[in-house]
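The points are grouped by topic.

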Amino acid sequence: MSKVRVRFAPSPTGGLHLGGVRTVLFNYLFAKKHGGDFIVRIEDTDQTRFVEGAEEYIFNCLKWCGLEPDESVQHGGPYTPYRQSERKEIYRQYAEQLIKDGYAYYAFDTTEKLEKMREDLKAKGSHSLMYDHHIRMNMNNSLRLLPEETQKLLDAGTPYVIRIKVDANEFVAFTDMIRGEMEFDTNTVDDKVLLKADGMPTYHLAVVVDDYLMKITHAFRGEEWLPSAPIHILLWKYLFGLDKMPQWAHLPLILKPDGNGKLSKRDGDRLGFPVYAMDWLDPKTNELTKGFKEIGFLPEAFVNLLAVLGWNDGTEQEIFTMEELIEKFSIEKVHKGGAKFDFEKAKWFNHEWIKKLEIKNYELRIKNEFELKDIAINDDAYLHKVIELVKDRCTLLPDFYTQGSFFFTAPQQWDTESVKPKWNEEKAAYFNLLKDKFSSLQFWELEKIELAFKELAAEKNIKIGELQMIFRVMLVGSKMGPAVFVIAETIGKEETINRIENAMKQF
RNA sequence: GCCGCGUUGGUCAAGGGGUUAAGACGCCUCCCUUUCACGGAGGAAUCACGGGUUCGAAUCCCGUACGUGGUACCA
């Protein structure tokens with residue numbers, strides 16, 4: 001098996017959204033499955049959009065998901081530096097090589113000139129507004145200018161960009177691992193900028209140069225890159241040779257649950273669910289965007305739900321561990337079409353994982369949920385027992401508080417609405433006797449409690465069902481929770497009696 | 001506008017010439033439980049449209065519609 005390297009280039013301009021995590025995940029699964037290295041490289045070629053702290057944030061998200069890279073900006077690696085701003089000179093060198101070989105050229109056009117060019121084209125009714133072979137000889141670039149003129153402009157320090165020279169009437173073909181044979185007509189691609197006026201490369205140049213230097217064999221990215229794939233193929237052809245080019249896979253998009261379009265941060269805000277893996281605080285705007293981690297998702301569930309959004313192993317299995325995903329993942333089975341994100345189903349995955357996962361894997365986080373609400377946990381074994389009792393009814397981690405708080409603190413409010421119609425002298429007498437009967441119990445065990453309760457009910461000839469409901473409200477405050485005798489057993493004899501007494505004062 | 005990609009229930013999806021067109025989420029009904037869940041049993045709901053090819057099309061081909069992405073000195 002050949003060595004596989006995969007690469008992911010998240011934009012460091014903000015949080016890490018679902019689509020981004022899924023791209024990394026598919027990279028990761030593929031690399032692990034084929035025994036390859038997994039590289040994460042950060043794109044920071046646009047300094048105006050770069051946000052401080054984004055790299056660390058991305059790595060924290062990946063770590064939480066269990067997708068730690070073998071090589072990265074943070075950990076260092078054999079191909080340092082990984083940060084594009086630190087590789088600036090490398091890119092320039094290749095851009096100039098292209099010019100020398102006649103595959104690229106200097107362009108001195110100002111922004112205003114370019115705008116005018118596009119307006120003119122529009123006015124003429126042209127279908128395309130591209131800077132391409134049709135118009136390049138009308139523009140201010142080294143193809144039209146005499147060599148001396150070009151040199152003069154360069155010497156004078158005139159701002160310029162380097163553009164790729166795309167020839168007309170050619171076909172560029174490549175095989176996509178998901179989509180199969182792809183073919184593009186070069187007449188539909190323009191002379192893209194490779195090196196910007198500030199000396200930074202565009203994505204087009206950087207991705208090709210980095211993939212070559214870092215010996216990338218497989219490159220996964222979102223479908224939005226498909227239209228610019230021919231530029232990348234051409235650069236490979238001109239610079240390093242097509243035989244060294246990595247294999248491409250263009251992943252489908254994750255779409256909004258309602259309406260249409262790519263899922264964005266705004267949709268999460270609008271529809272009330274997170275779009276980022278973890279909380280992201282934008283240092284520029286001080287705006288906080290909620291993350292899946294913080295609203296109470298388990299990383300196992302998060303990874304699972306992302307993996308099966310746009311991929312399916314052909315069986316009915318839906319719950320996968322990371323190990324299973326690595327074993328069963330196959331890039332050919334990734335879908336071509338985008339998928340709408342469904343938060344209800346996402347929650348279902350979390351519920352399944354809460355039920356399935358060993359408690360010790362998330363016990364600390366539950367403890368934290370209680371402590372946030374001022375309930376101190378000092379008995380781990382007791383907490384363990386409570387988790388076991390309520391986990392079937394918890395979807396998100398904070399549900400453990402709403403479902404389990406009464407195991408730690410006595411109710412302050414009671415559902416008197418439900419109790420009142422059933423409450424009378426007879427029942428009051430029953431519960432007074434029950435208290436005595438409970439306190440005389442030598443062993444506080446489930447069967448003994450239940451037996452005592454039922455015996456007394458039979459003796460007094462009262463329906464057990466009504467009594468149970470009242471008993472539950474006494475212990476819990478409302479009509480919820482696990483079996484009532486289990487609750488009584490768990491909170492203990494003394495506490496049970498106290499709660500009966502307290503509640504009776506209210507009824 | 002131009003170019004690319006896509007389209008199986010409300011959503012995720014299996015199936016890729018002959019199937020009663022799987023399964024999951026959600027929804028509804030019932031059972032369990034005199035609580036809320038979990039669990040169990042059922043139910044409603046789908047091949048975008050129009051032409052071909054074929055004995056036969058969800059499946060292959062061509063159009064159309066719709067969606068989506070690109071069309072930046074953003075990635």
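**Overall fold and dimensions**

In chain A, 74% of the contacts with a separation of 6 or more are between residues 24 or more positions apart. The model is predicted. Chain A contains 20 helices and 14 strands.

- The radius of gyration of chain A is 32 Å, whereas a compact globule of 507 residues would have one near 23 Å.
- Taken along the principal axes, the box filled by the C-alpha atoms of chain A is roughly 110 × 50 × 40 Å.
- Of the 507 residues in chain A, 36% are buried.

**Surface near RNA strand B**

- There are 62 residues around RNA strand B, and those that come nearest are Glu 43, Asn 260, Gly 337, Gly 465 and Lys 479.
- Four elements each supply at least two residues of this surface: helix H4 (111-123), strand E14 (339-340), helix H11 (343-356) and helix H18 (464-476).
- H18 gives the largest share of the surface near RNA strand B, with five residues.
- Sorted by class, the surface near RNA strand B holds 22 nonpolar, 20 polar and 20 charged residues.

**Helix packing: H18 with H20**

- H18 also packs against helix H20 (residues 493-506), at an angle of about 100° and with the axes 8 Å apart.
- H18 and H20 are therefore roughly perpendicular to each other, as the angle falls in the range of 65 to 115 degrees.
- On the H18 side, Val 473, Met 474 and Leu 475 take part in the contact, and they meet Thr 496, Arg 499, Ile 500 and Ala 503 in H20.
- The residues of the contact of H18 with H20 are five nonpolar, one polar and one charged.

**Helix packing: H1 with H9**

- Helix H1 (residues 18-33) packs with helix H9 (residues 299-307) at an angle of about 85°, and their axes are 10 Å apart.
- H1 and H9 are therefore roughly perpendicular to each other.
- Leu 18, Val 21, Arg 22 and Leu 25 form the H1 side of the contact, facing Val 303, Leu 306 and Ala 307 in H9.
- By class, the contact of H1 with H9 has six nonpolar residues, no polar ones and one charged.

**Helix packing: H3 with H6**

- Between helix H3 (residues 88-100) and H6 the packing angle is about 100°, with the axes 10 Å apart.
- H3 is therefore roughly perpendicular to H6.
- Ile 90, Tyr 91, Tyr 94 and Ala 95 in H3 are in contact with Leu 205, Ala 206 and Val 209 in H6.
- The contact of H3 with H6 is made of seven nonpolar residues, with no polar and no charged ones.

**Tyr 212 in H6**

- Helix H6 spans residues 203-213 and includes Tyr 212.
- Tyr 212 has 18 C-beta neighbours inside 10 Å, so Tyr 212 counts as partly exposed; a buried residue would need 20 or more.
- Leaving out residues up to four places away in sequence, Tyr 212 touches Phe 240 and Lys 244.
- Lys 265 is 53 residues from Tyr 212 along the chain, and their C-alpha atoms are separated by 33 Å.

Methods. Residues numbered from 1 in each chain as written. Chains lettered and ligands numbered in written order. Predicted model: local features only at pLDDT ≥ 70, side-chain atom pairs only at ≥ 80, totals over all residues. Axes fitted to C-alpha atoms, helices over the stretch in contact; angles between N-to-C directions. Parallel < 35°, antiparallel > 145°, perpendicular 65-115°, else oblique. Contact = placed C-beta atoms within 7 Å. Nonpolar A, V, L, I, M, F, W, Y, C, P; charged D, E, K, R; others polar. Near = placed C-beta within 6 Å. Rg over C-alpha atoms; globule rule 2.2 N^0.38 Å. Buried ≥ 20, exposed ≤ 12 C-beta atoms within 10 Å, placed from the backbone.
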